[in-house]
Protein chains: 2
Amino acid sequence: MVNPLLVSKPYCRLVRLAGAFVAVLATSGPAGADEGVWTFDSPPAETLQSRYGFTPSVDWLDALRLSAVRLGGGSGSFVSADGLVLSNHHVAKGCLQALSTGADDIVRNGFHARTRAEERPCPGLDLRRLESTEDVTARMRAAVKATDDAAATAERNAAIATLERECREKTGLRCEMVTLYRGAFYHLYRYRIWNDVRLVFAPEARLGEFGGDPDNFVFPRFSLDFSLLRVYENGEAVKPAHFLRWAKKGVEDGDLVFAAGHPGSTDRRATVAQVVYDRDIRYPLMLASAKRARKVLEEYSARSPESARRAAEILVSTENWLKATSGAYKALREPELMAAKTDGEARLRKLFVPVAGQTDPWAKIEVATGKRARDAKSRWAIGYGFQTLFGVGGQLVELANETALAESDRLPEYHASRVPQIVHRLSAGRPYYKDLEIARLAGIWQEAIDLLGKDDPFVVRVLGGKTPLAAATAAVEGSRLDQVAERKKLIDGGMAAVMVSTDPLIVLARDVYPLRRRLEKRHEIEVETPTLQAGDELEKIRFALYGKDAYPDATFSLRLSFGKVGGYDADGMLVPFQTNLAGLYARSFAFAGRPPFDLPARWLEKQRDLDLATPLNFVSTLDIIGGNSGSPVVDRNGELVGLIFDGNLEGLGGRYAYTDRKARAIAVDGRAIVEALTKVYGAIPLADELSRR
Amino acid sequence: MVNPLLVSKPYCRLVRLAGAFVAVLATSGPAGADEGVWTFDSPPAETLQSRYGFTPSVDWLDALRLSAVRLGGGSGSFVSADGLVLSNHHVAKGCLQALSTGADDIVRNGFHARTRAEERPCPGLDLRRLESTEDVTARMRAAVKATDDAAATAERNAAIATLERECREKTGLRCEMVTLYRGAFYHLYRYRIWNDVRLVFAPEARLGEFGGDPDNFVFPRFSLDFSLLRVYENGEAVKPAHFLRWAKKGVEDGDLVFAAGHPGSTDRRATVAQVVYDRDIRYPLMLASAKRARKVLEEYSARSPESARRAAEILVSTENWLKATSGAYKALREPELMAAKTDGEARLRKLFVPVAGQTDPWAKIEVATGKRARDAKSRWAIGYGFQTLFGVGGQLVELANETALAESDRLPEYHASRVPQIVHRLSAGRPYYKDLEIARLAGIWQEAIDLLGKDDPFVVRVLGGKTPLAAATAAVEGSRLDQVAERKKLIDGGMAAVMVSTDPLIVLARDVYPLRRRLEKRHEIEVETPTLQAGDELEKIRFALYGKDAYPDATFSLRLSFGKVGGYDADGMLVPFQTNLAGLYARSFAFAGRPPFDLPARWLEKQRDLDLATPLNFVSTLDIIGGNSGSPVVDRNGELVGLIFDGNLEGLGGRYAYTDRKARAIAVDGRAIVEALTKVYGAIPLADELSRR
């Protein structure tokens with residue numbers, strides 16, 4: 001299951017992109033636009049050559065790929081020979097929140113380790129680098145023979161598990177299967193994983209998320225959304241073979257740039273039926289939920305300053321999710337999008353010549369989507385609780401039960417290759433605040449009542465006749481799952497420990513587990529499997545029409561985007577390609593320094609020391625979406641010029657279609673980072689480490 | 001005739017407003033919005049009290065009215081006991097252009113008189129202050145009895161002339177009749193006139209019009225659009241009894257503010273037929289003309305830097321005109337506007353109970369508008385040339401001929417009360433550049449061919465079988481009307497001098513005069529007179545429905561607007577209520593200091609001396625339109641906090657309807673003026689003169 005709540009994870013700031021829609025529509029394919037989230041083994045070489053006179057060499061591609069990392073829900077890159085990693089402030093925010101206390105609020109105040117000894121491990125954060133990939137489509141095809149959906153699902157799961165295991169045993173790396181082109185290709189992705197990631201530097205939240213929710217998805221923008229972490233192995237800083245050099249010269253208007261990152265998911269190859277489902281069911285469900293969650297969090301935050309501190313990260317994530325979802329929903333309802341989609345599909349469909357008795361793949365997807373709609377509310381209501389302490393209980397129960405099963409029977413998220421990451425996260429010593437968990441869970445269960453009715457089995461079980469608040473209070477107050485030792489005990493104890501636990505959240509999770517498992521397995525068999533099969537057929541038709549000049553929808557795996565630095569005309573307002581430090585002060589002054597436009601005292605004191613012309617943020621036509629947060633932006637020389645941290649409102653329809661007219665990716669300019677480290681934070685050794693080539 | 005080309009005059013930067021439309025539509029009248037361009041004798045006291053708890057006293061109103069002035073095509077105010085007047089840079093730009101030479105380009109470099117002796121007279125600029133008004137509606141009604149349109153026109157003209165003359169003789173002031181509520185009321189406005197206005201200070205054009213055409217009508221904005229002039233009488237600076245005190249405290253978000261200025265014209269009481277005429281005939285004509293004029297001026301400017309300098313003012317005005325007209329045209333085509341207008345009119349129309357044989361006033365206006373449409377192209381083609389040197393010839397010929405007629409027969413623009421201003425302008429020593437005049441005239445005559453065909457009598461006469469360029473070259477090269485002495489000789493010589501002149505532009509104008517006179521007179525009799533009569537009837541119906549809680553459409557006479565300082569949400573982007581000096585640098589840096597975002601060297605040198613938090617521009621819901629440029633903005637205490645210089649794009653539909661959702665008036669903040677005078681320009685005595693209370 002793709003947890004619809006990844007939005008509460010940091011990478012969801014970037015719920016945007018741009019893309020394959022044009023490719024579906026135009027006979028010329030994607031040429032003519034800076035479109036695409038390309039795999040590194042199949043870069044858009046011809047387009048780059050024809051549009052920009054640039055052909056990336058194998059070395060160029062390897063150096064970038066092996067510097068790029070995925071961490072948490074976002075992206076980052078190695079930027080020094082001593083394992084320093086650059087990412088966004090908001091990607092590291094989970095770590096900042098976990099390390100913060102009421103007495104030492106590093107989310108608010110920022111963090112600066114002046115020595116290696118002061119660098120602090122980020123609980124639960126892991127980091128991965130893509131070492132290599134392998135096309136195993138042929139072996140997958142050979143392994144999956146059944147025509148029955150249930151049998152085919154089991155065969156596919158078994159084959160994936162086998163291939164992943166073989167790969168792991170052979171390479172010693174973590175191997176994960178990635179399904180590309182919606183089922184047409186299977187690639188094994190081999191990752192190097194590091195679990196000891198330490199916080200080195202983060203600016204104050206006021207800089208990292210300057211402008212807050214009002215400025216989110218907006219440009220001109222003035223955010224210093226970066227953080228520095230260091231990767232350790234056996235207690236020593238790693239020495240990566242590849243890291244990105246800091247560009248000597250920053251970006252200029254019109255420059256060709258690249259981003260290497262992990263776009264979460266796009267739906268550019270979605271059929272009309274799937275887009276209609278998103279428009280009529282998925283997004284209305286998400287929007288209502290996001291609004292409710294925001295209200296709950298705002299009410300909780302209003303209780304006291306400490307409450308506000310505790311809820312800070314998740315409230316920001318929720319506001320971000322709401323703004324992103326609203327934007328995408330607005331784009332979904334544009335008649336032009338649906339018209340273009342319908343037209344493109346009609347064109348492709350003409351090419352389909354059915355063999356005797358064969359069903360049209362679009363019709364197959366429509367049937368599967370109908371089944372998806374049937375279970376949408378139930379899956380949402382149960383799944384939604386999974387990001388709370390209740391979800392921790394659920395994951396502990398599922399981990400014990402699922403790992404006891406054969407790979408072919410497991411829910412996909414508990415495949416052997418995925419288990420270490422789950423264990424790592426559950427074992428992390430991050431803080432849980434029971435009052436916050438109660439408030440959130442009460443809201444979620446009220447939502448379940450509203451969605452499913454009070455007689456639904458899930459609702460009946462979790463409430464046990466109580467109000468949502470009373471039920472949540474009873475379950476959370478009596479639980480010890482907020483203690484990392486308790487969680488570790490249950491992980492290590494496996495099935496036996498989970499079955500005898502009397503922790504109320506574990507008891508509850510044991511009863512909910514069969515309900516959720518049944519729904520998810522049904523989804524896999526009745527929705528995912530036929531959709532993948534139809535996707536494979538669709539891809540053949542598409543290739544016949546457009547050739548291979550295309551890229552797969554995003555899958556939270558490493559991709560290469562390219563684009564041009566450039567401003568735009570926002571309905572009469574000329575938006576420059578970049579902002580600068582003068583603009584940061586200007587916007588703060590314009591709102592009289594009121595939050596979220598306030599600046600820390602040291603920033604006000606240092607104003608006259610700074611070169612106010614220093615570029616702060618810049619925009620480009622890079623094709624990005626949620627998951628790209630923290631992606632390094634490099635120039636033709638492969639040198640670092642900045643890092644992605646957001647996209648603009650005009651790009652929120654990018655999940656379904658790329659456009660470069662006004663949609664832009666927003667990046668922090670590397671020069672602002674050096675200027676701030678040097679002149680505001682007195683972090684000269686760090687600035688030197690970044691500049692060392 | 002209202003010259004449709006007033007746009008080439010500076011005040012047309014402000015072709016915007018907001019207004020009476022809501023009043024027409026809502027049974028509650030204008031309450032609930034900061035709407036209206038109110039006469040000082042009938043301020044919106046109840047609305048101000050109910051919305052803001054403020055009732056302006058008679059003294060408060062008098063002090064503001066007697067500090068406000070009209071100058072050129074815009075507005076301004078007395079701001080010192082020694083006759084200093086504050087207005088916009090762009091209102092004074094005609095003066096700057098007239099005083100500039102290739103060797104001393106004060107448009108570009110700015111101007112700063114360090115002593116009174118250095119203050120330089122502005123050729124042709126006059127300034128007026130409204131001393132008092134008198135309602136003479138009863139006398140006008142008594143005088144105009146005829147039912148025949150031609151006779152009624154003559155009666156009205158005669159009555160106006162008589163009343164104006166009596167008033168002038170009695171008061172020694174210039175008296176002008178102002179028709180309010182589209183014909184329902186006649187008021188005599190009594191003005192004190194000054195013709196000796198001298199330039200004291202103007203910033204560089206780069207500051208006065210920072211951001212150029214791209215930023216025109218845009219907010220956030222960073223323009224120091226102000227100038228200082230001084231009024232002289234008998235060689236001495238005047239000592240005005242009233243002048244505005246500089247506010248000790250600047251504006252804050254939410255503050256109630258007022259503007260006293262001269263909005264040019266609005267059409268909020270226009271009928272559906274009139275709005276349709278504007279949409280389908282007037283605006284398309286203007287837009288095509290503006291585009292052609294811009295092209296001509298751009299081509300001329302490209303010839304050399306000196307050409308660019310010569311055409312600078314008119315090119316900026318033309319771009320401004322084009323942007324404003326495009327915005328208003330876009331608003332005109334919004335179905336909502338037409339729907340609201342149609343609905344409001346239908347509501348009013350139900351109340352109309354015709355007396356036997358009486359025609360419905362809307363139908364009368366529709367008939368008149370049809371006649372207006374008939375002559376639209378001819379009037380445009382002939383009138384359009386009137387802003388060139390060809391127009392100077394035309395005005396000299398018309399002045400001689402019209403002033404020889406009885407008042408009742410004259411074209412309205414040559415009524416005795418208007419003659420002194422025409423003479424003053426024609427007698428001014430402003431430069432004309434023959435190559436520029438030839439280029440413009442050739443473009444205008446080509447447009448005449450395109451609009452009227454090559455066989456039209458006007459076209460045949462002006463071209464004389466030549467191409468537009470050849471004809472324009474012949475007429476302009478041979479003319480001496482660019483010399484002020486020649487113009488004065490023709491003014492002083494009257495009809496005799498004009499009739500014997502062999503100056504080719506005078507010869508041409510003598511032949512064109514009867515053509516234009518016939519068209520304009522027909523317009524007056526067949527369009528204006530019936531429209532005024534119907535307007536009077538409409539007003540009675542409107543009063544019956546909505547009471548007296550309304551204000552008349554703008555007439556380029558003194559009005560009071562009120563509004564609230566405040567930002568807005570521009571489709572997801574939070575726009576603050578103000579900008580600051582940091583923002584000026586930020587926008588310049590963002591475009592790497594490229595024009596029109598370049599800053600003079602002294603501004604770059606003084607950056608660190610300035611308090612960058614100093615407010616620069618601010619927005620409010622003040623109801624303004626073209627002509628309000630330079631209007632003083634005062635607070636509840638009647639103290640000066642800034643001056644109007646523009647409106648935003650969102651307000652360009654304000655000619656037909658006021659809205660306060662996103663439409664905003666843009667003002668220069670007084671604090672930026674003092675900061676710049678003090679720290680950049682070293683104009684401390686001037687800053688002191690402004691601050692003296």
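Two strands are taken to pair if DSSP finds at least two bridges between them. In the predicted model described here, strand E18 (residues 632-634) of chain A and strand E19 (residues 640-647) of chain A meet this condition, pairing in the antiparallel sense over three bridges. Within this pairing, Pro632(A) has Leu643(A) of E19(A) as its bridge partner.

These two strands belong to an open sheet of seven strands in chain A, which has the order E13-E12-E18-E19-E20-E17-E16 and antiparallel pairing. The edges of the sheet are formed by strand E13 (559-564) and strand E16 (578-580) of chain A, each of which has a single partner strand, so that one side of each is left without a neighbour in the sheet. On average, and with direction ignored, neighbouring strands of this sheet are turned by 30° against each other.

Helices also lie against this sheet. Helix H2 (residues 45-52) of chain A lies across strand E12 (256-261) and E13 of chain A, and runs at about 15° to E13(A). Helix H21 (residues 581-590) of chain A packs on the sheet as well, where it touches E16 and strand E17 (615-620) of chain A, and its direction makes about 70° with that of E16(A).

When the bonded cysteines of chain A are numbered in sequence order, their pairing is 1-2, 3-4.

One of the disulfides is formed by Cys95(A) and Cys122(A), whose sulfur atoms are 2.0 Å apart. Cys95(A) lies in helix H4 (residues 93-99) of chain A, whereas Cys122(A) lies in the loop between strand E5 (120-121) and strand E6 (127-135) of chain A, so the pair ties together parts that are 27 residues apart in sequence. The link of Cys95(A) and Cys122(A) is left-handed, with -75° about the S-S bond, and both of these cysteines are buried.

Also in chain A, a disulfide joins Cys167(A) to Cys175(A), with an S to S distance of 2.0 Å. The torsion about the S-S bond of Cys167(A) and Cys175(A) is about -65°, and the disulfide is therefore left-handed; both Cys167(A) and Cys175(A) are buried.

In chain B, Cys167(B) and Cys175(B) form a disulfide with their sulfur atoms 2.0 Å apart, and this link is left-handed because the torsion about its S-S bond is about -65°. Cys167(B) has a relative accessible area of 5% and is therefore buried, while Cys175(B), at 1% relative accessibility, also counts as buried, the cut-off for this class being under 20% relative accessible area.

Methods
Residues are numbered from 1 along each chain as its sequence is written. Chains are lettered from A and ligands numbered from 1 in the order in which they are written. This is a predicted model: local features need pLDDT of at least 70, side-chain atom pairs count only at pLDDT 80 or more; totals for chains, interfaces and linings use all residues. Side-chain values use heavy atoms; hydrogens and water are left out. A disulfide is a pair of cysteine sulfur atoms within 2.5 Å. Helices (H or I, at least four residues) and strands (E, at least two) are DSSP runs, numbered from the N terminus. Buried means under 20% relative accessible area, exposed over 50%, partly exposed in between (1.4 Å probe, protein chains only). Axes are lines fitted to C-alpha atoms, for helices over the stretch in contact, and angles run from 0 to 180 degrees between N-to-C directions. Contact means heavy atoms within 4.5 Å.
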